[in-house]
Amino acid sequence: MSEEPPAAEPGAGPEPGTLSRLIREIAADGRAPEAEGGPALAPGHVVGRFRLLREVGRGGFGVVYEAEDTVLPRRVALKVVRTGPRSALHGERLLEEADAAASLSHPNIVTLHDLGGSEHGPYLVLELLEGEVLQDVLARGPLPPAEAVRIAAGVARGLAHAH
């Protein structure tokens with residue numbers, strides 16, 4: 001039997017663990033944003049004020065694109081969030097979760113710049129990071145122990161800061 005985290009004081013923001021619960025709920029749904037009946041997105045589409053340049057990844061939470069901000073001269077990661085009947089991503093809940101994520105500032109946690117909504121659903125505007133996906137690095141073979149420890153320590157530092 002797991003112990004529940006202590007309740008947050010009123011006005012202190014979301015309860016501890018709500019972001020983790022939300023991510024588990026979204027991942028359990030298992031559908032891509034396109035499965036919701038909306039048009040599939042591709043490079044060249046405009047979502048909000050962002051022009052999609054290329055898809056950079058997809059997972060249980062949604063699809064991430066490299067995008068060009070058409071107002072500010074910058075490139076960002078635009079995550080089109082998957083929603084569905086079993087997802088808890090609805091209006092107030094999304095705002096609460098985005099507020100919690102935006103309050104985090106740490107070198108091992110991607111920065112949330114903004115969020116919005118479009119005919120394609122809700123989206124998050126995130127810091128665009130350059131580099132390789134760990135899954136691709138691991139597909140080439142095992143990492144040297146020192147590199148594996150360096151990566152794991154960075155992940156642990158980010159998690160510790162968030163929780």
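**View 1. Arginine 49 and aspartate 69 form a salt bridge, with their closest N and O atoms 2.8 Å apart.** A salt bridge is taken here as a side-chain nitrogen of Lys or Arg within 4 Å of a carboxyl oxygen of Asp or Glu. The pair links distant parts of the chain, 20 residues apart, with arginine 49 in the loop between strand S1 (46–47) and S2, and aspartate 69 in strand S3; strands (E, at least two residues) and helices (H or I, at least four) are DSSP runs numbered from the N terminus. Aspartate 69 counts as buried, at 4% relative accessibility, whereas arginine 49 counts as partly exposed, at 29% (buried is under 20% relative accessible area, exposed over 50%, partly exposed in between, with a 1.4 Å probe and protein chains only). Arg49, Asp69 and Arg74 are linked in a network of salt bridges.

The model is predicted, with local features needing pLDDT of at least 70 and side-chain atom pairs counted only at pLDDT 80 or more, while totals for chains, interfaces and linings use all residues. Residues are numbered from 1 along each chain as its sequence is written, and side-chain values use heavy atoms, leaving out hydrogens and water.

**View 2. Glutamate 68 pairs with arginine 51 in a salt bridge whose closest N and O atoms are 3.2 Å apart.** Because glutamate 68 lies in strand S3 and arginine 51 in strand S2, the pair ties together parts that are 17 residues apart in sequence.

**View 3. In helix H4 (residues 145–162), arginine 150 and glutamate 147 lie three residues apart, about one turn of the helix.** Their salt bridge brings the closest N and O atoms to 2.7 Å.
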